[in-house]
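Try each task before you read its solution.

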Amino acid sequence: MQVSPSLLSADFGNLAADIAEINASNADMLHIDVMDGVFVPNISFGFPVMKYVKKLSTKPLDVHLMIVEPQKFVNEVRDCGAEYMTVHFEACTHLHRVVQQIHDAGMKAGVAINPATPVCLLRDIIDSVDMVLVMSVNPGFGGQKFIESSLRKVAELRQMIEETGSQAIIEVDGGVNQETGARLAQAGADVVVAGSYVFGAADKKAVIEGLKNL
Ligand code: DX5
Ligand code: ZN
């Protein structure tokens with residue numbers, strides 16, 4: 001299993017120390033949650049913070065934009081050194097065009113779906129994306145309870161990827177711990193995002209290792 005710790009639950013008063021701990025771990029990426037107070041009822045941080053994170057992190061940045069009109073910020077996200085730019089299905093009227101813009105900017109493109117958005121709506125974009133992010137909580141906050149129906153969605157998505165020959169990987173975000181992670185591995189997830197589970201742990205490296213071994 002690939003692991004992408006979510007910086008949202010890090011100590012914002014000492015980001016450098018928390019990022020150094022992730023650098024020293026076996027995490028595959030660093031998950032960056034950007035919120036605008038419109039698409040989700042919360043605001044996190046923006047580009048100046050992301051640029052600083054990029055300087056400190058040795059892991060590829062996995063940027064999850066919970067914002068309206070994400071197409072306006074493709075160049076800014078690229079300039080922050082993102083490997084993946086993930087936009088919400090629900091936030092894009094012209095999703096296909098946004099995915100093209102992300103690719104043209106040299107990044108990998110991810111599409112996130114909220115808990116109430118069905119997997120079948122991805123059928124005509126699955127061939128064009130590098131990642132699908134299945135939200136297993138309602139986006140906006142860390143530390144929420146895992147929504148069980150996400151498991152069925154991951155399995156359905158895995159089947160769609162196999163049927164279409166898509167290269168997309170499946171990432172799951174929200175309420176991930178060792179127990180839900182094990183079930184997500186079984187359902188066919190490639191990457192788990194974990195915020196409070198990793199940053200709330202005394203030994204972050206060990207917690208990441210546990211998820212890696214799922
Ligand atoms: C929620 C964010 C998540 C969040 C997950 O909107 O997208 O990445 O950090 O937090 P946990 O792992 O605590 O559920
Ligand atoms: Zn996220």
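**Exercise 1. Find where Arg97 lies and decide whether Arg97 is buried, partly exposed or exposed.**

Step 1: Arg97 belongs to helix H4, residues 95-104; helices (H or I, at least four residues) and strands (E, at least two) are DSSP runs, numbered from the N terminus.
Step 2: The relative accessibility of Arg97 is 48%, so the residue counts as partly exposed. Buried means under 20% relative accessible area, exposed over 50%, and partly exposed in between (1.4 Å probe, protein chains only).
Step 3: Arg97 and Gln71 are 26 residues apart along the chain, and their C-alpha atoms are separated by 8.7 Å.

Before you go on, a note on the numbers: this is a predicted model, where local features need pLDDT of at least 70 and side-chain atom pairs count only at pLDDT 80 or more, while totals for chains, interfaces and linings use all residues. Residues are numbered from 1 along each chain as its sequence is written, chains are lettered from A and ligands numbered from 1 in the order in which they are written, and side-chain values use heavy atoms, with hydrogens and water left out.

**Exercise 2. Identify the protein donors of the zinc ion (ligand 2) and name the geometry of the site.**

Step 1: His31 (NE2), Asp33 (OD), His64 (ND1) and Asp173 (OD) are the protein donors, at 2.0 to 2.3 Å from the zinc ion. Donors are N, O and S atoms within 2.8 Å of the metal (3.2 Å for Na, K and Ca); water is not among the atoms, so sites may look incomplete.
Step 2: Along the chain, the donors are spaced as H-x1-D-x30-H-x108-D.
Step 3: The 6 donor atoms subtend angles of 70 to 169°, so the arrangement is octahedral. Six donors count as octahedral if opposite donors are over 155 degrees apart and all others between 65 and 115.
Step 4: Two of these residues, His31 and Asp33, are buried.

**Exercise 3. Describe how helix H1 packs on helix H2.**

Step 1: The axes of H1 (residues 15-23) and H2 (residues 47-56) come within 10 Å and cross at roughly 45°. Axes are lines fitted to C-alpha atoms, for helices over the stretch in contact, and angles run from 0 to 180 degrees between N-to-C directions.
Step 2: The two helices are therefore oblique; angles under 35 degrees count as roughly parallel, over 145 as roughly antiparallel, 65 to 115 as roughly perpendicular and the rest as oblique.
Step 3: The crossing of H1 and H2 is right-handed, that is, the near helix is turned clockwise from the far one by less than a right angle.
Step 4: Leu15, Ala16, Ile19 and Asn23 of H1 contact Val49, Tyr52, Val53 and Leu56 of H2, where contact means heavy atoms within 4.5 Å.

**Exercise 4. Repeat the analysis for helices H5 and H6.**

Step 1: H5 (residues 149-164) and H6 (residues 178-187) pack at about 25°, with axes 8 Å apart.
Step 2: This angle makes H5 roughly parallel to H6.
Step 3: H5 and H6 also have a right-handed crossing.
Step 4: Leu151, Val154, Ala155 and Arg158 of H5 make the contact with Arg183, Leu184 and Ala187 of H6.

**Exercise 5. Locate Glu69 and comment on its phi.**

Step 1: Glu69 sits in the loop between strand S3 (61-66) and helix H3 (74-79).
Step 2: Its phi is near 50°, a positive value in a residue other than glycine.
Step 3: With a relative accessible area of 37%, Glu69 is partly exposed.

Key
Four donors count as tetrahedral if all angles lie between 85 and 135 degrees; four count as square planar and six as octahedral if opposite donors are over 155 degrees apart and all others between 65 and 115; anything else is irregular.
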